[in-house]
Amino acid sequence: MNTGDEMTTTTRAQDPIEASIDPSPATLPPRIVPVGPGRTADDARTGSPDVAGVAAMPKVAAEAVSITYGTKLAVRDVSLEVPERSILALIGPSGSGKSTFLRCFNRMNDLIPGARVTGQVRLDGIGLMDPDVSVVELRRRVGMVFQRPNPFPMSIYDNVAYGPRRRGASDRAQLDELVERSLTRAALWTEVKDDLRRKSGLALSGGQQQRLCIARVLATEPEVILMDEPASALDPISTLRVEELMRELRELYTIIIVTHNMQQAARVSDRTAFFNMGEDRAGYLVELDDTRTLFTNPKNQLTEDYVSGRFG
Amino acid sequence: MAVVGEAAGLAGLHVRPALRDRLDLPRRVVFLAAASMVAIVFVLLGFIAWQGVQLFVQNGYPIGSVISTTWSPQDAPISFGVLPFVAGTIGVTGVAVLISAPLSIGLALFLSEVAPRWARAVVQPALEIFVGIPSVVWGWLGLTILVPFLRTNLNGLGFTLGFSWFAGSLVLSIMILPTITTITYDAFRAVPQDLRTGSLALGTTRWQTIRHILLPAARAGTLTAIVLGLTRAAGEALAVQMVIGNRPTMPTSLTQPMTTLTSQITLDMGNTVFGAPDNNVLWTMGLILLAISMIAVLLIRKLNRSGGRR
């Protein structure tokens, strides 16, 4: 840890493409930062006080989050932290509240009538449940990719330019550049660059549509990307491409992915959180650890049973 | 098992079906129902078309004679100019839709995107009751409340507004409001929820999502609703006739009395003799009305096809 780390962090925020072109290993922070439940007091005290503050600050954190739908408790008391530029996978059986929990981070639960979230969710330390938080601004910084690809019924170009345009971007050259950059980063550019404006986003294949949706999110220049089973509706080849893409995106973004597919979690994520459904049918966090540890040497018997395929 | 096989087995496959099965009665009944429906439509179309040209065939008037703004079916010089009625129908329905469409689309948006469940539960039955109110009631309300209200209260504006184009359009606009609203509402509900959440998740406001996702996606349905409203308005006779003043001249001002194809047909059909020129011209007007609504139907079909392709 040195001041170089701090500088990279600020540079990245202003010009992410620079970082993607030259991901000099020395300037990137270590991928797996031991924070969260596994974090010890020693970790937090590493380094000089000011730098430690930057390094130890989780990008995203949930503090005692519970979610109810009407009278039904869906998620009970989940706390976890996600360090910047890492991938956290949420795994667990159906009904364990993974997707519901994921939607706290961009307050999509607000859209569901009767849904109530208690506890606190933080982005860069800022409480997202606070009444003065702009949900619109939050969702620009925390993008989301859905289970089923949902391109808009408009051209590929307009799909990608949708978010920036709603923010008032109208400069043609800048939009062109942003669209190309976003599609390139989503590994779709070469496939669609010849009929960007003519072809509807709906005319693409399922895998291409999902990458278009990822490009659409990238174009709003988020810091965190939430992915709700992004590959579950895709064929194996497209799934592989999306997984490759996630690993590339990790260089620039903090990613939280919900997946039913344990192999997928094992392949792409740095850390994995295992959710389970309790006796009261509410989802809760069983265990969170480095992905390798969680899969090979879980501490909890339930996790062990789940990752070895004995239930779920 | 074996017994069944011997009795009805392979041999059974070759037994001729019973008479009832061969006649296939239910299929024939529904076919007949469908066929008679189609037949009635075509007979009607044929009859109206036939009657509609009698003015030219039987009475020997040139086709050009109806393309005139002078309506004088009884007093010499006789003239059967139907342009005042055509213009009246177009004018009164056009203004009615101009008033009704924004309100209806707004109401549909409210119901589909904004309203809490209880509000929807109140407004939807209300709309259905709206549709059920007979047009004569609307006309009567217009005649006894709207027209006197306009006449006494809008004098200050510098013109008199009683029986008029505006009164006719206003009554019509209320009558077609539920039509446009319900069809537009259905079009909005047909837009996948995925698109809304996808847009909102990109950090757009609800209004931006409506403006840039919902309205374009529901464009075909909304236009269909408007065209259906137009045809409903163009075909409406009674209520319009009661408030519009029925002056067979070209419409000049929203404040002036005017007339429409439908109201003139209903006014005159009892006073003319079947086969006489002044009766046959009414059939011609009916044919024109039919042509207008057929164009609308074709337009709707085209809209829906182009809307489905996207």
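Which residue forms a salt bridge with A:Lys299? The legends below take up that pair and other close-ups of this predicted model.

**Figure 1. A salt bridge joins A:Lys299 and A:Asp289.** The partner we asked about is A:Asp289, and the closest N and O atoms of the pair are 2.6 Å apart. Notice the contrast in exposure: A:Lys299 is exposed at 65% relative accessibility, whereas A:Asp289 is buried at 14%.

**Figure 2. A:Asp280 reaches A:Arg76 in a salt bridge.** Here the closest N and O atoms lie 3.2 Å apart. The loop between strand S9 (271-277) and strand S10 (283-290) of chain A holds A:Asp280, and strand S2 (residues 72-82) holds A:Arg76, so this pair ties together parts 204 residues apart in sequence. A:Asp280 is partly exposed, with 41% relative accessibility, and A:Arg76 is partly exposed too, at 32%. For context, chain A contains 14 helices and 10 strands, and buried residues make up 52% of its 312 residues.

**Figure 3. B:Glu113 and B:Arg196 form a buried pair in chain B.** Their salt bridge has its closest N and O atoms 2.9 Å apart. B:Glu113 comes from helix H6 (residues 83-114) of chain B and B:Arg196 from helix H10 (residues 193-201), so to speak two distant parts of the chain, 83 residues apart. Both B:Glu113 and B:Arg196 are buried. Over all chains, the structure holds 22 salt bridges.

**Figure 4. Chain A meets chain B.** In this view, 22 residues of chain A are in contact with 16 residues of chain B. The two chains bury about 1700 Å² between them, with 64% of that on carbon and sulfur atoms. A:Pro153, A:Tyr162 and A:Arg166 supply 31% of the area that chain A buries against chain B, more than any other three residues. Six residue pairs are in polar contact across the interface, and one salt bridge is found there. Side chains of opposite charge can pair when their charged atoms come close. In the A:Arg148 and B:Asp194 salt bridge, the N to O distance is 3.0 Å. Helix H6 (135-141), strand S6 (142-145), helix H7 (156-166) and helix H10 (206-219) of chain A each supply at least two residues of the side that touches chain B. Helix H6 of chain A gives the most to that side, with three residues.

**Figure 5. A nonpolar patch lies on the surface of chain B.** Its members are B:Val136, B:Val137, B:Leu141, B:Ile145 and B:Leu238, and together they have about 380 Å² of accessible area. Helix H8 (residues 135-153) of chain B provides the largest share, four residues. B:Leu141 lies in that helix and is partly exposed, at 38% relative accessibility. Chain B as a whole exposes about 16900 Å², and carbon and sulfur atoms supply 71% of that area.

**Figure 6. B:Ile295 sits in helix H15 of chain B.** This helix covers residues 277-309. B:Ile295 is exposed, with a relative accessible area of 56%. B:Val227 is 68 residues away from B:Ile295 in sequence, and their C-alpha atoms are 10.0 Å apart in space. Around them, chain B has 15 helices and two strands.

Technical notes
Residues numbered from 1 in each chain as written. Chains lettered and ligands numbered in written order. Predicted model: local features only at pLDDT ≥ 70, side-chain atom pairs only at ≥ 80, totals over all residues. Heavy atoms only, no water. Patch = residues over 30% accessible without salt bridge, like charges linked within 9 Å, V, L, I, M, F, W, Y side chains within 5 Å. Areas by Shrake-Rupley, 256 points an atom, 1.4 Å probe, with all protein chains shown as cover. Salt bridge = Lys/Arg side-chain N within 4 Å of Asp/Glu carboxyl O. Buried < 20%, exposed > 50% of the residue type's maximum accessible area, 1.4 Å probe, protein only. Contact = heavy atoms within 4.5 Å. Buried area = accessible area lost by both parts, 1.4 Å probe. Polar contact = N/O pair within 3.5 Å; in protein donor to acceptor, adjacent residues only side chain to side chain.
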